[in-house]
Amino acid sequence: MVCLDIDGTTINHARELSPAVQEAVQAVADAGVHVVVATGRACVATMPIIRALGIEQGRAVCSNGAVTLKLDPHKRKGYKFTEVVTFDPGPSLRLLRDKMPGALAAVEELGKGFKVNAPFPDGELDGKIRVVGWDELIDTPATRVTLRQPDAPVEDFLERVHAVGLHGVSYAVGFSAWLDIAPEGVSKASALELVRRKLGVDPRDTVAVGDQRNDLEMLSWAARGVAMGNAPDEVKAAADEVTGHVDDDGLVPVLRSLLD
């Protein structure tokens with residue numbers, strides 16, 4: 001069972017999937033390995049990548065572990081939900097609104113898109129985007145909340161987030177000034193462990209590849225955790241090994257090693 005992050009791992013920062021990566025993923029899947037995409041993306045943004053990879057069956061983990069899909073080509077959208085974990089976004093959003101005024105906030109609407117307090121930069125969110133007031137933004141349980149400060153350096157943003165003191169949730173800061181908040185105790189690793197058990201895969205036969213802080217738990221969970229060469233130092237330190245940069249198709253030699 002090989003678990004693959006998307007952005008910065010399977011596709012590059014220009015949001016491109018290289019033919020070499022696509023071919024390597026398909027070769028591994030054809031060899032009988034369970035390929036499980038594990039991403040912070042919502043399902044509406046995950047499915048186009050899964051289709052581009054040529055994967056029609058199996059599982060996928062979205063929204064940093066809050067949503068698990070079973071792929072089914074006979075379904076209209078190509079999947080059905082098997083696990084969905086939600087939380088009350090109100091306390092976190094109120095705290096962040098007070099401590100980080102001016103930040104952009106988005107609440108995922110499962111299978112549809114996002115509610116936002118103001119428009120995000122073009123291309124950063126997929127699906128149907130609705131601008132709503134704060135009352136509507138926080139009025140229903142959510143699978144994921146995103147906070148964004150486009151002009152903030154990531155180091156400053158990370159310090160501000162830690163200073164806020166979020167409690168009762170899980171959260172991870174990305175490679176830009178981007179914060180994802182998930183239900184407490186939920187991560188890619190927690191969802192992947194449920195998938196592993198359902199598939200009957202031995203824990204020793206698990207591989208995970210990722211590049212960001214929301215991959216830390218996943219890399220520690222897998223028997224073989226691989227960090228991309230473009231990953232931050234703390235992510236590399238949590239991995240068993242480091243492969244090449246995403247721009248150099250660093251995922252390919254990892255996948256080829258599974259065939260060997």
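Student: In this predicted model, which residue forms a salt bridge with R15, and how far apart are the closest N and O atoms?
Tutor: A salt bridge here is a side-chain nitrogen of Lys or Arg within 4 Å of a carboxyl oxygen of Asp or Glu. Because this is a predicted model, local features need pLDDT of at least 70 and side-chain atom pairs count only at pLDDT 80 or more, whereas totals for chains, interfaces and linings use all residues. Residues are numbered from 1 along each chain as its sequence is written, and side-chain values use heavy atoms, with hydrogens and water left out. The partner of R15 is D126, with the closest N and O atoms 3.4 Å apart.

Student: How many salt bridges are counted between domain 1 and domain 2?
Tutor: The domain assignment, which is automatic or from a database, gives domain 1 as 2-85 + 186-257 and domain 2 as 89-181. Between them the two domains bury about 1400 Å², 56% of it on carbon and sulfur atoms, where buried area is the accessible area (1.4 Å probe) that two parts lose on being put together, summed over both. In domain 1, R15, V44 and R213 lose the most area to domain 2, together 30% of what that side buries. The count of salt bridges between domain 1 and domain 2 is 1.

Student: Is D5 buried or exposed, and what is its relative accessible area?
Tutor: Buried means under 20% relative accessible area, exposed over 50%, and partly exposed in between (1.4 Å probe, protein chains only). D5 lies in the loop between β1 (2-4) and α1 (19-30), where helices (H or I, at least four residues) and strands (E, at least two) are DSSP runs numbered from the N terminus. D5 therefore counts as buried, its relative accessible area being 4%.

Student: Which residues are linked with D5 in a network of salt bridges?
Tutor: The side chains of K188 and D215 meet in a salt bridge of 2.5 Å, N to O, and both residues are buried. This pair links distant parts of the chain, with K188 in helix α6 (residues 188-199) and D215 in the loop between β12 (207-210) and α7 (216-221), 27 residues apart. The residues linked with D5 in the network are K188 and D215.

Student: Why are E193 and R197 separated by about one helical turn?
Tutor: E193 forms a salt bridge with R197, the closest N and O atoms being 2.8 Å apart. E193 is buried at a relative accessible area of 18%, whereas R197 counts as exposed at 57%. The separation is about one helical turn because, within helix α6, E193 and R197 are 4 residues apart.
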